[in-house]
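Biologist: I am new to this structure and would like to learn how to read a few of its features. Could we go through them one at a time?

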Amino acid sequence: MRAARTLSRSLRPLRQLSTSAAPLRSGNQSRAFSKAAGAVAAVGAVGFTLSSIINNKPLLLEATAVPEPDAPSGGLVVTLDELDKHDTAESCWVVLDGEVWDVTKFLKLHPGGDAVILKEAGGDATDLFNAIHAPGTLEKSLGDGVVKVGVVDQKALNMINNSRLAGAEQLRLIEEARKKLPPVELVRGVKEMEELAKTVISSKAAHYYEAAADDWFSYYDSFAAYQRCRLRPRVLVDVAEIDPRTTILGSPSTLPIYVSPAAWARMGHELGEINITRGVAKTGIVQGISATASLSVEDICAEKARLESNGSAPVGLAYQIYVNRDRSKTAELMQAAIDGGCNAFFVTVDTATLGNRETDYRSQSLPGSMDDKPHTQPNKDMFGYWDASLNWKDVEWLKDHTQGRPLWLKGIQCFEDVELARKAGVKGVVLSNHGGRQLDHAMAPLDVLIEINERDPSLLQDLDVYIDGGVRRGTDVLKALCLGAKAVGLGRPFLYSQSAYGEDGVVRTIRILEEEIVNGMRLMGAPTLKDLKPEMVQCLSGQYRTIKRGEAGSK
């Protein structure tokens, strides 16, 4: 039975823990049942706890009937037999919280591609959807071809709820695994935190978080670039007092690091980005909010306001933009970020399309979807949500909509584009290859920083140059700062840390990096960040050390 097989292998780190799936029904009835159980298993700890914690919806732990929902005005009460007829690209219906939605016209507009939706077509996708989308996402997409059909009938609703019992057992196993983790205070390194997180997250979350493009060359080379650089410390310097404070993304920061925007935090933990907001509030660094976060910018900003009203120091937030073909939607998101108190913006410029992330796509693969027709026209196949026509002329439009807040171009991968960014009048750039997730064999961000130093170091004075990717130690941060970077971003480490320990994991990761940065500054003879100079680092040109898969951490 497909659902039983899915459940048995869904939690890769928990293979040694015993579990059993509820018996499956046969015929058309088993399809919705199977998909519901499979979706719960795929998201692991997130699905149920989202309903009970985030959305304040009850978690059904007993196989009991629930009142049949009323059909919306003009809507239908959909049976399992009818639902089963709409599981193709030509007619694609999904069930979310008991409601039936026709998403056929939205398939090609979905930022994550159509395969992930088609895999759930004709069945219940509630837990998978809620794990990676902010509340209200569907309602905001109604103008993009998403149509509410009606509600499922009583028989289908009972079956879907019963199928989630198997997922509840998976939740219990994950919570038990979390309890067996060592005390968070005993975690000593960022890579150790990642390895611990991988023992408690679902296989789907692991695939998404760690995925890189093609052969992962750029991913590993980002780490290797730091290994090619050596430190040249100075001695007999008064380092009795170390001050690592700075300003990042328009906000004061206790450290020269920030949380890079990263999507789908709730796939690893039910509170997701809220864990990160609470963690940065306790430690005084800045949080970048992903445009594809699993909570809305309004929800994250509301948590910022709540923390500050309860006595927290001001929480620095910056919002990441993916420019939509419909500019009005981008403008609406930017306005929401401004209204919520975001102090700066990133615009991601390296995603004209998504990179070939085989590990992630494999989990979304759809049998029978082979394209066997000749391609006789120029390729225009792209994700409809993001605008592949985005160009330098559009930067002025973006600057106009920041309402005076600083703008960084994120995803710069060569010296020439840094020059163009200066001409465009933005505040800064983020040297980044998207964690090795976009174009494989793109330069390591640190190598781009070295090239700037060699060809035109005045760019480092005229722009606030940030960098992310390949950083796992405080000494990595110091190398980048010596070479002129103003700040260093980390993305995956905070996804992993909050997945394992919630907000405590975020705090611990920051404390680990703080200790390494402060100790490194003291040993380098640099009492302040301004004392970190290019001559304090030597980078080996043309000498590449091959890193084997699994040896390094992830972005």
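Biologist: In which helix is Glu-503 found?

Modeller: This is a predicted model, and in it Glu-503 belongs to helix α22, residues 503–524.

Biologist: Is Glu-503 buried or exposed?

Modeller: The relative accessible area of Glu-503 is 19%. Buried means under 20%, so Glu-503 counts as buried.

Biologist: Leaving aside neighbours within four places in sequence, which residues is Glu-503 in contact with?

Modeller: Glu-503 is in contact with Asn-275, Arg-278, Gly-279 and Lys-282.

Biologist: How does one look for empty space inside a model?

Modeller: Rolling a probe the size of a water molecule over the atoms shows where empty space is left. Here the count is one cavity of 30 Å³ or more. The largest cavity has a volume of about 60 Å³. It is lined by 13 residues, and Val-259, Ser-260, Ala-262, Ile-276 and Gly-288 are the closest to its centre.

Biologist: Which element gives the most to the lining of the largest cavity?

Modeller: Strand β9 does, with three residues. At least two residues each come from α12 (273–283), β9 (286–289) and α21 (492–501). By class, the lining has seven nonpolar, five polar and one charged residues.

Biologist: Where is Asp-214, and what is its phi?

Modeller: Asp-214 lies in the loop between α10 (203–210) and α11 (217–227). Its phi is near 50 degrees, a positive value in a residue other than glycine. Asp-214 is partly exposed, at 34% relative accessibility.

Biologist: What about His-441, which also has a positive phi?

Modeller: The phi of His-441 is about 75 degrees. His-441 sits in the loop between β13 (428–431) and α18 (445–455), and is exposed, with a relative accessible area of 53%.

Conventions
Residues are numbered from 1 along each chain as its sequence is written. This is a predicted model: local features need pLDDT of at least 70, side-chain atom pairs count only at pLDDT 80 or more; totals for chains, interfaces and linings use all residues. Side-chain values use heavy atoms; hydrogens and water are left out. On a 1 Å grid over the protein atoms alone, a cavity is a set of points where a 1.4 Å probe fits but cannot get out, and a pocket is an open set with protein on both sides within 12 Å along at least five of seven lines; lining residues have an atom within 4 Å of a point. Grid points are joined across faces, edges and corners, and a volume is the space filled by probe spheres set on the points. Helices (H or I, at least four residues) and strands (E, at least two) are DSSP runs, numbered from the N terminus. Ala, Val, Leu, Ile, Met, Phe, Trp, Tyr, Cys and Pro count as nonpolar, Asp, Glu, Lys and Arg as charged, and the others, Gly among them, as polar. Buried means under 20% relative accessible area, exposed over 50%, partly exposed in between (1.4 Å probe, protein chains only). Contact means heavy atoms within 4.5 Å.
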